[in-house]
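Student: I'd like to go through a few of the labels on this one and hear what backs them up. Can we take them one at a time?

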Amino acid sequence: MNLQAVGDALAATREGLEVAGFSLQVAARNGRLSLTIGANEGACEECLVPKSLFLQMVRDEIAAGGEKVDGIDVVYPADKTTG
């Protein structure tokens, strides 16, 4: 998997997230693509689409960019919160 090409394919998603106060980190872990969404100060948590929709959107963007990714893990800011 070419992380640079995947990152390039996700440019529109990254820009949209940044407008809403989020960051996007792209990494490879255990042979899978890992997308971690970070919340910056003042981020609009309600602006995040359901994770299943986000996953479909990024799959489509990655495929349109000519990359093949076997597995994608998405981590939202709320996933990192411990109680």
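Predicted model: local features only at pLDDT ≥ 70, side-chain atom pairs only at ≥ 80, totals over all residues.

Student: What makes Tyr76 buried?

Tutor: The cut-off for buried is under 20%, and Tyr76 has 9%, so Tyr76 is buried. Phe54 goes the same way: its relative accessibility is 3%, so Phe54 counts as buried too.

Student: Why is the pair of Phe54 and Tyr76 called edge-to-face?

Tutor: Two checks. Rings pair if their centres lie within 6.5 Å, and these centres are 6.0 Å apart.

Student: Which parts does the pair tie together?

Tutor: Phe54 lies in helix H3 (residues 51–64), while Tyr76 is in the segment after strand E3 (72–75), so the pair links parts 22 residues apart in sequence.

Student: How do you know that Lys51 lies over the face of Tyr76?

Tutor: The distance limit for NZ of Lys is within 6 Å of the ring centre, plus an angle limit of 35 degrees from the ring normal. Lys51 is at 5.6 Å from the ring centre and is listed as over the face.

Student: What makes E2 and E3 a strand pair?

Tutor: Pairing takes at least two bridges, and four join strand E2 (residues 32–39) to E3, so they qualify. The two run parallel, with Ser34 opposite Asp73 in E3. From E2 the chain crosses through H3 to E3, a right-handed β-α-β crossover.

Technical notes: Residues numbered from 1 in each chain as written. Heavy atoms only, no water. Phe/Tyr/Trp six-rings, centres within 6.5 Å; stacked < 30°, edge-to-face > 60°. Buried < 20%, exposed > 50% of the residue type's maximum accessible area, 1.4 Å probe, protein only. Right-handed = clockwise from strand over helix to strand, strands pointing away.
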